[in-house]
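Thanks, everyone. Let me put the structure on the screen.

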Amino acid sequence: MDIVTSITCLYRESNWKEIVHRYHDHPDRNKVLWVYPSEGNFEFIKACVKELLCDRVVSVGCGSGLLEWMIMEATGLPVSGIEVDGAWWRCKYAPPTFIPLHFTPAEIDKDTITLLQRNTHTALLFCYFNNRPAFEDYLKYYKGNVLIIIGPHQKGVHTDPQPFNDVSEDWVLHKSQEIRSSGDFIAVYTKQSVETHSI
Ligand SMILES: C[S@@+](CC[C@H](N)C(=O)[O-])C[C@H]1O[C@@H](n2cnc3c(N)ncnc32)[C@H](O)[C@@H]1O
């Protein structure tokens, strides 16, 4: 059985643990997802999101939504996924999708802004995102204080943003954790509160 079919079967059985166990270093894993966090990594995400008082995650550029589905299963947190390019994801050659995707045009539309701004207790996630202008745009509309970037660190793979030293000074690194020993990292940032001084 090929990896996509096998993951789809395990998904139907709600067996996310077997998905990460069996496929985290499979050569074809990127057909459905770029990173396969361990159970400990999911615990880390849950702990960070909770300690930073968020109760929901919005993931931008979620691709198939497999990571987002696994976060929901592993942590109990609701996760929404935003994707650009609805035409590709609806075509018959596209990989399967594991959550309902919210499609946005390249220029963020009103519905997407509503999703981003539904409440301020929302953590914003980018996993292996590769579009800096869009990243800046999403941050402009996002009103919450928790940003999670998952991606490669010094392993010769390009993402934009990268997990470290790639965000503006408003964002302070809260905690980070490597995904197994893959060279991929989960970096959790919080927004500096802007102090107003009277003259
Ligand atoms: C390298 S893929 C990563 C997919 C998934 N997060 C993963 O880790 O497997 C980057 C994704 O970002 C999406 N993307 C690029 N620009 C976007 C935008 N403006 N809004 C939403 N998604 C976007 C692409 O369509 C693509 O699915």
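Predicted model: local features only at pLDDT ≥ 70, side-chain atom pairs only at ≥ 80, totals over all residues.

Numbering runs from 1 along each chain as its sequence is written, and side-chain values use heavy atoms, without hydrogens and water.

Ligand first. Around the ligand are 16 residues, each with a heavy atom within 4 Å. Trp34, Gly61, Glu83, Cys127 and Tyr138 come nearest. Strand S2 (79–84) and helix H7 (132–141) each supply at least two residues of that shell. Helices (H or I, at least four residues) and strands (E, at least two) are DSSP runs, numbered from the N terminus.

Now polar contacts, meaning N or O pairs within 3.5 Å. A ligand nitrogen is 2.7 Å from a polar backbone atom of Gly61. For a polar backbone atom of Cys127, a ligand nitrogen is at 2.9 Å. For a side-chain N or O atom of Asn131, the distance to a ligand nitrogen is 3.2 Å. Taken alone, the ligand exposes 600 Å², and the protein buries 87% of that. Areas are Shrake-Rupley with a 1.4 Å probe.

Next, strand S7, residues 184–191. Seven of its eight residues are buried, so S7 is largely enclosed by the rest of the structure. Buried means under 20% relative accessible area (1.4 Å probe, protein chains only). What does S7 pair with? Strand S5 (146–152) runs antiparallel to S7, joined by seven bridges. Strand S6 (171–178) is also antiparallel to S7, with seven bridges. Pairing takes at least two DSSP bridges. Gly151 bridges to Phe185 of S7, and Ser176 to Ala187.

Methods. Buried < 20%, exposed > 50% of the residue type's maximum accessible area, 1.4 Å probe, protein only. Polar contact = N/O pair within 3.5 Å; in protein donor to acceptor, adjacent residues only side chain to side chain.
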